[in-house]
Amino acid sequence: MNNFKLRGIIIAVVMIAGLILSLPTMVSLLTPYQLADNWLGPLGKHIKQVKLGLDLQGGMHLILKVDTDKAVTGKLNIIASTVKSEMQQKRIHYTKIEVVAPDSIAVTLRDPADQDKLTAILNEQTSFADPSTETIGGVTVFRYSVKRDEIQKIKDSSISQALETIRNRIDQLGVSEPSIITEGKDRINVQLPGITDPERAKRIIGETAVLEFKLVDEDHSLSNALAGDIPQDSYIAYMKETNEPILLKKQVELTGDTLNDARVKIDRASPYISLDFNAQGARDFERITGENINKRLAILLDKKVYSAPVIKDRIAGGKASITGRFTDQEAKNLAIVLRSGSLLAPVEILEERTVGPSLGKDSIHQGLVACAIGGVLVIIFMIIYYRASGMLANIAVILNIMLIAAFMSLVGAVLTLPGIAGIVLTIGMAVDANILIFERMREEIRLGRTPKMVVEAGYKHAISTVVDANVTTLIAGLVLFQFGTGPIKGFAVTLCVGILTTLFTVLVGCKWVMEWFVNSKNVSRISI
């Protein structure tokens with residue numbers, strides 16, 4: 001098989017594949033119908049139409065504000081809990097440890113001589129400024145304030161963590177090509193194209209999902225606590241389902257940070273959440289259950305007590321569960337937020353906009369009308385000015401659009417309104433490339449060359465100009481894709497894909513047809 005035939009086979013294969021991949025998209029855009037999943041047998045269900053962006057198919061747009069001040073307070077609560085444990089292990093006696101908003105921890109030592117040991121423990125957690133001291137009722141209270149730069153680090157970390165957590169949660173919702181970016185110091189811009197249940201999405205995104213395990217305080221009376229005599233290291237919480245009060249110890253024994261997985265399972269027709277801890281979490285859970293047999297361990301999510309079972313035995317293997325009267329959807333939502341991790345700080349929805357599908361249809365219609373008008377004008381011009389060669393260029397442009405749709409369908413790219421603008425620009429560049437080649441061919445005709453020499457020389461002399469112009473635009477498109485977001489990225493996608501398909505259709509497809517025509521038909525002149 002010679003090189004010419006091989007190129008012809010490759011072009012035919014690419015075009016057939018492009019037609020098959022683009023057909024669902026073309027049918028849905030140009031007609032009110034959609035191809036069934038089995039339109040091509042078992043293979044048909046794997047060929048999807050191009051996904052439409054928020055501006056074309058509708059969806060949700062949210063502006064979230066991360067409460068970074070609470071992230072600092074939350075971090076200090078974790079530090080205070082760790083310091084308590086460290087002090088107990090090192091036999092440093094204290095009366096009270098509390099977080100003093102917005103950025104301090106106050107510790108009352110029974111023996112002020114232990115201050116150096118306390119300072120060392122605290123500085124292992126984060127950077128504190130030199131403590132201030134205050135004498136209240138004859139006892140000395142040491143107040144440690146977090147340094148300014150550390151506070152900023154905690155706030156920055158809370159934004160990054162919120163961004164990643166929200167992205168993980170949205171991924172599990174199955175939203176294609178969401179846009180999640182930061183805005184300013186404490187805001188996150190979220191765009192969810194094609195979302196069908198906005199309320200569910202908002203619930204999942206906004207769930208803080210702080211999972212904690214705390215021991216029930218069974219050494220003191222709940223009745224006395226309800227009457228106002230609350231032990232210093234305990235507090236009153238309420239069961240989520242029954243709203244019954246329960247006395248819990250403030251110290252957090254285990255958190256969801258060590259959670260490895262969370263899945264919905266069914267027991268007696270009721271869903272529950274099965275938890276799987278990582279290696280560290282499993283060791284901690286085994287130690288906690290081993291040290292507290294016959295005591296109750298409460299499981300809290302966002303401060304609500306879901307259950308408080310009695311520990312019957314040491315539990316190895318890192319398995320636990322959250323039970324409750326969940327609906328299937330509630331259990332699935334809960335598992336998603338637990339798998340995605342908790343937010344260091346709560347988020348608040350500042351702005352919410354929903355783009356309706358009808359607006360998207362109008363955008364598609366207007367975009368297609370613009371493409372059609374531009375395309376018809378170009379077709380007429382090319383036929384009048386370049387005759388049969390112009391018709392070939394027009395066919396190449398149509399095939400070019402087909403290949404763009406096929407490629408986007410293959411890689412799962414999203415078509416946006418700016419993406420349609422990218423396609424229109426690509427049409428112009430494809431026509432421009434053909435014009436460069438045709439003008440070179442006309443020069444060769446004026447020199448009296450044979451049709452075969454005209455085709456060879458025309459492409460040979462124009463190819464460097466065509467490639468240079470397209471490659472420089474491709475580089476610009478890749479930069480836009482790398483650093484752009486939302487609509488800019490949508491434009492960059494179609495532009496980059498369009499340039500690649502343009503080079504293929506113009507320099508490979510059109511050239512092959514021209515060569516085939518002059519070689520097999522023995523024409524005396526080229527219609528150009």
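Visitor: In what order do the four strands of the open sheet lie?

Guide: In this predicted model, where local features need pLDDT of at least 70, side-chain atom pairs count only at pLDDT 80 or more and totals for chains, interfaces and linings use all residues, strands are DSSP runs of E with at least two residues, numbered from the N terminus. Two strands pair if DSSP finds at least two bridges between them, and here the pairing is antiparallel. The edge strands, each pairing on one side only, are β13 (254–255) and β17 (304–307). The order is β13-β10-β16-β17.

Visitor: Which residue is the bridge partner of L301 in β17?

Guide: Residues are numbered from 1 along each chain as its sequence is written, and side-chain values use heavy atoms, with hydrogens and water left out. Strand β16 covers residues 297–301 and is joined to β17 by three bridges, the two running antiparallel. For L301, the partner in β17 is K304.

Visitor: Is T25 buried or exposed?

Guide: T25 sits in helix α1 (residues 3–30), a helix being a DSSP run of H or I with at least four residues. Buried means under 20% relative accessible area, exposed over 50% and partly exposed in between, with a 1.4 Å probe and protein chains only. Because its relative accessible area is 4%, T25 is buried.

Visitor: Which residues is T25 in contact with, leaving aside its neighbours within four places in sequence?

Guide: Contact means heavy atoms within 4.5 Å. A polar atom of the T25 side chain lies 2.8 Å from the backbone nitrogen of V50. With those neighbours left aside, the contacts of T25 are K48, Q49 and V50.

Notes
A polar contact is a pair of N or O atoms within 3.5 Å; within protein, one must be able to donate a hydrogen and the other to accept it, and residues adjacent in sequence count only if both atoms are side-chain atoms.
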